[in-house]
Amino acid sequence: MTTDNTEDREIEVVHEPRPPRTLVAVVGRPNVGKSTIFNRLVGRREAIVHDEPGVTRDRHYALVQSLGHTYTVVDTGGFDPESDDPMRQGIARQVQIAVSEADLVVCVLDAMQGPTDADRQAVKLLRKSSRPVIYVANKADSARSELESSELYRLGLDRILPVSALHGRGFNALEDAIVKLLPPQTADLAPEAADPALLRVAIVGRPNAGKSSMVNRLAGEDRMLVDDRPGTTRDPVDTIVERDGLKLLLIDTAGIRRKSKVTKENDTVEVISVLRAMRSIDACDVVVLLCDATIGVAEQDAKILGLAVDRARGAIIALNKIDQLDSSTYKKLEQDTRDKLSFAPWVPIVRTSALKGRGVGTLLRKLAEVQANFRKRIPTGELNRFFEKVLATHPPPTSGGSAPRLFYITQAEASPPLFVVMSNAPAAVHFSYQRYVTNQIRKHFGFEGVPVRVAYREKRKHKLGQR
Ligand code: GDP
């Protein structure tokens, strides 16, 4: 073991730009090839958000970089578990969601089939909306099938792009068309976003959890920006708040305030809340997941928190509406929350009542702590003195005859923290040992509310000089 080779670089904590909140939704009836199109669009263009794989991989949602633009693609059909049932108005639901939340809709038709009733329905709904739409005829695998797709013009459309998701035909044209119709991009370029003191906070959660009430509590009613103009409703409006010496940028307060009017169907409203959470999570440093304490934690909450962890964002769970609970019910609820969200035991839980203003101070203090943890940088010397003790107490187990050697550790990044361990055989470091190291880092340095990522990289022996 040596620490001689470590460069003790003091890297400035950078306030990384966040991707623009642009959403492209893919809609279409079952079996037209939406997910194949989604996969091909995402393909190798998927933005590498992080080095380390997260806990969830939502294959209906991905950040894409293409032709100088960054946008999120969502397969809206992926939210329709029952969409294989032709009797369900699955397509109407998808279109409603897309029209409500997306900047651009890609409507997928089937080149090998003439227009169906579901297609007609989709086109009718899309035409009524003001969203830009690109129509594609998928399964145009050959020039002949491309010709057959002309049947689809009976839907009365001006332009249909023939593509083959299977073979990749037509995808250059599709990507061009997408980029042309996207709104101008300003990647998190609001001048205030460059302020390093600012903490970007996304308040997320299911409908009626109390998000707008909490935003009002944090911001004060008078500072709320309400934007009800039709057509501009998707434009994210953030609010800057200064409370107790903490400067917060509350992400997409307009979206939080905006109740989904598109439908009375509850599950559609839920899906819309997840989509909004996705966009806000991409734009933030710390996620505050608000849960309705009178209902408890639901699968949607786990899904939203999973996305935050996957994106390596800081997180706080606020159990809201505690004015409705007695303390023994609360204790049970907290335990239940821990059980259901056991994949992220490092997320602090605070109890709040947005209605009565209780716990708001605690939430602000937690935000300040999580902010400090998020940005924390452990000097390399200190880190390695700790690491040597960890290795001495519990050396890496033998694998295939010899134990992998772990030479040293550095913190390569902050906001969020990323540690890199150099080893002669990174692939041989067992998962359970990796977890042990991560837990020791957490325990020793205190990273409450922050995802700690540890990567293992190869360093060959001869590079180690004398050793
Ligand atoms: P959102 O959909 O998450 O933005 O939720 P709202 O902020 O609109 O709140 C939904 C409902 O819950 C409203 O009727 C609020 O008055 C109520 N509410 C919000 N926070 C609390 C709370 O802490 N306690 C109680 N009892 N009700 C709350």
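Strand β1 (residues 23-27) pairs with β4 in the parallel sense over 4 bridges; helices (H or I, at least four residues) and strands (E, at least two) are DSSP runs numbered from the N terminus, and two strands pair if DSSP finds at least two bridges between them. The model is predicted: local features need pLDDT of at least 70, side-chain atom pairs count only at pLDDT 80 or more, and totals for chains, interfaces and linings use all residues. Residues are numbered from 1 along each chain as its sequence is written, and side-chain values use heavy atoms, with hydrogens and water left out.

- Strand β4 (residues 104-110) has 7 of its 7 residues buried, so the rest of the structure largely encloses it; buried means under 20% relative accessible area, exposed over 50%, and partly exposed in between (1.4 Å probe, protein chains only).
- In a regular strand, side chains alternate between the two faces of the sheet.
- On one side of β4 are Leu-104, Val-106, Val-108 and Asp-110, and on the other are Val-105, Cys-107 and Leu-109; all are buried, and both faces are covered.
- Strand β5 (residues 133-138) runs parallel to β4 and is joined to it by 6 bridges.
- Across this pairing, Leu-109 stands opposite Ala-137 in β5.
- A right-handed β-α-β unit is made by β4, helix α3 (residues 117-128) and β5; a crossover is right-handed if, with the strands pointing away from the viewer, the path from the first strand over the helix to the second runs clockwise.

- Strand β11 (residues 314-320) is largely enclosed by the rest of the structure, because 7 of its 7 residues are buried.
- Gly-314, Ile-316, Ala-318 and Asn-320 point one way from β11, while Ala-315, Ile-317 and Leu-319 point the other way, and all are buried.
- Strand β10 (residues 286-292) pairs with β11 in the parallel sense over 7 bridges.
- Cys-291 has Leu-319 of β11 as its bridge partner.
- Together, β10, helix α9 (residues 299-310) and β11 make a right-handed β-α-β unit.
- Strand β12 (residues 349-352) runs parallel to β11, with 4 bridges joining the two.
- Ala-318 has Val-350 of β12 as its bridge partner.
- A right-handed β-α-β unit is also made by β11, helix α10 (residues 327-340) and β12.

**Asn-320**

- Asn-320 is found in strand β11.
- Asn-320 counts as buried because its relative accessibility is 2%.
- The side chains of Asn-320 and Thr-352 are joined by a polar contact of 3.0 Å; a polar contact is a pair of N or O atoms within 3.5 Å, where within protein one must be able to donate a hydrogen and the other to accept it, and residues adjacent in sequence count only if both atoms are side-chain atoms.
- The backbone oxygen of Ala-209 is reached by the side chain of Asn-320 at 2.9 Å.

**Ligand surroundings**

- The ligand is surrounded by 16 residues, and the closest are Asn-208, Lys-211, Ser-212, Ser-213 and Asp-323; a residue is near a molecule if one of its heavy atoms lies within 4 Å of it.
- The residues of this shell divide into 4 nonpolar, 7 polar and 5 charged; Ala, Val, Leu, Ile, Met, Phe, Trp, Tyr, Cys and Pro count as nonpolar, Asp, Glu, Lys and Arg as charged, and the others, Gly among them, as polar.
- Helix α6 (residues 211-219) gives the most to the shell, with 3 residues.
- Backbone N or O atoms lie at 2.8 Å from a ligand oxygen atom for Asn-208 and at 2.7 Å from a ligand oxygen atom for Lys-211.
- Gln-324 has a polar side-chain atom 3.0 Å from a nitrogen atom of the ligand.
- The ligand taken alone exposes 580 Å², of which the protein buries 79%; accessible areas come from the Shrake-Rupley method with a 1.4 Å probe, and for residues only the protein chains shown count as cover.

**Backbone features in loops**

- The peptide bond from Ser-415 to Pro-416 is cis, with omega near 0°.
- Pro-416 is placed in the loop between β13 (406-413) and β14 (418-423).
- Ser-415 is a residue other than glycine with a positive phi, near 55°, and is buried with a relative accessible area of 7%.
- Asp-252 is not a glycine but has a positive phi of about 50°.
- Asp-252 is found in the loop between β9 (246-250) and α7 (253-257) and is buried, with a relative accessible area of 8%.
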